Amino acid sequence: ANNDRKVAELNTQMAVLNQIARNIEYGTNKTGIIPTTLITNDAVLNDLLVTLNNLELQYTNQRTKKGDNNPVIVSMANEMKKIRLSIENIVRSLQGQMQASLDIYNRSSALFNAELKTIPERERQLLNLTRQQTFKNTVYALLLQRREEAQISSNSSVADSRIVDAAESGPNRVNSKKLMLLFSALILAIV
C-alpha cells in the first residue's frame, strides 16, 4: 500500500510537471500566466514560476504603454525567455528523476505482484480495488485542494469594500461645555 501511495504521488507530480511544461511550451511566443495552483515540491521551480508570472504581468502592462520596440520591453522579453529556459531545464530534470523513481517503484510492484499470484483470486481483486480507491482518493483530495485554493485566490482578488460618503467636519467643532457641566455638578452636589 505504501508503494502504491508513492506511485500515486509520483504520478500526480508528473502530471503537474507535464502541465507546467505544456504551459511553458505554449507560452514562448505570447504571454501566458501559469496557474499558481500548479505547485511542485521544488522550491526553486516554484520561485521561478512566481517570478515569471510577475514578469509576465509587468510585461503586458508595460507593453501596452510603451510598445513592442521599447528597450525595457525587449529586456523583459529576453528575461522571460531565460526564465522559461531555466524552468524547462528544471522540469526536464525533475521529470527524469521522477521517472527513475517510478521505474524503481514499478519494478518493486512487479516483484510484489509476482508474489501476489499465489493469493486466491478474490483477495487479489480486493487488493486491486483497494489500490484503485487509494489512487482515486489521492487525486480527488488533490483536486479538491486545488479548487479551494482557486476559489480563495479568486475571492481575495475582488475588493468588496468602498467608501460610501467621505468624512466631513464643519467650521465649528463640537465640544463638551465644561463650565456648564461643572456648574451642574456643583448644583447636584449641593442638593
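Start by selecting helix α5, residues 178-190, and find I190 within that helix. You are looking at a predicted model, so treat this as a walk through computed features.

Now colour I190 by accessibility. Because its relative accessibility is 68%, I190 counts as exposed.

Next, let's turn to charged pairs. Side chains of opposite charge can pair when their charged atoms come close. This structure holds 5 salt bridges, and we will visit some of them.

Select E56 and R84. Their closest N and O atoms are 2.2 Å apart, in a salt bridge. E56 sits in helix α2 (residues 43-66) and R84 in helix α3 (residues 71-116), so this pair ties together parts that are 28 residues apart in sequence. Are these two buried or exposed? Both E56 and R84 are buried.

Move on to R63 and D68. Here the side chains meet in a salt bridge, with 2.6 Å from N to O. R63 is partly exposed, with a relative accessible area of 37%, and D68 also counts as partly exposed, at 44% relative accessibility.

For the last stop, show helix α4, residues 121-156, and pick R146 and E149. The two form a salt bridge whose closest N and O atoms are 3.4 Å apart. Because they are 3 residues apart in the helix, about one helical turn separates R146 from E149.

Technical notes: Residues numbered from 1 in each chain as written. Predicted model: local features only at pLDDT ≥ 70, side-chain atom pairs only at ≥ 80, totals over all residues. Heavy atoms only, no water. Helix = DSSP H or I, 4+ residues; strand = E, 2+ residues; numbered from the N terminus. Buried < 20%, exposed > 50% of the residue type's maximum accessible area, 1.4 Å probe, protein only. Salt bridge = Lys/Arg side-chain N within 4 Å of Asp/Glu carboxyl O.
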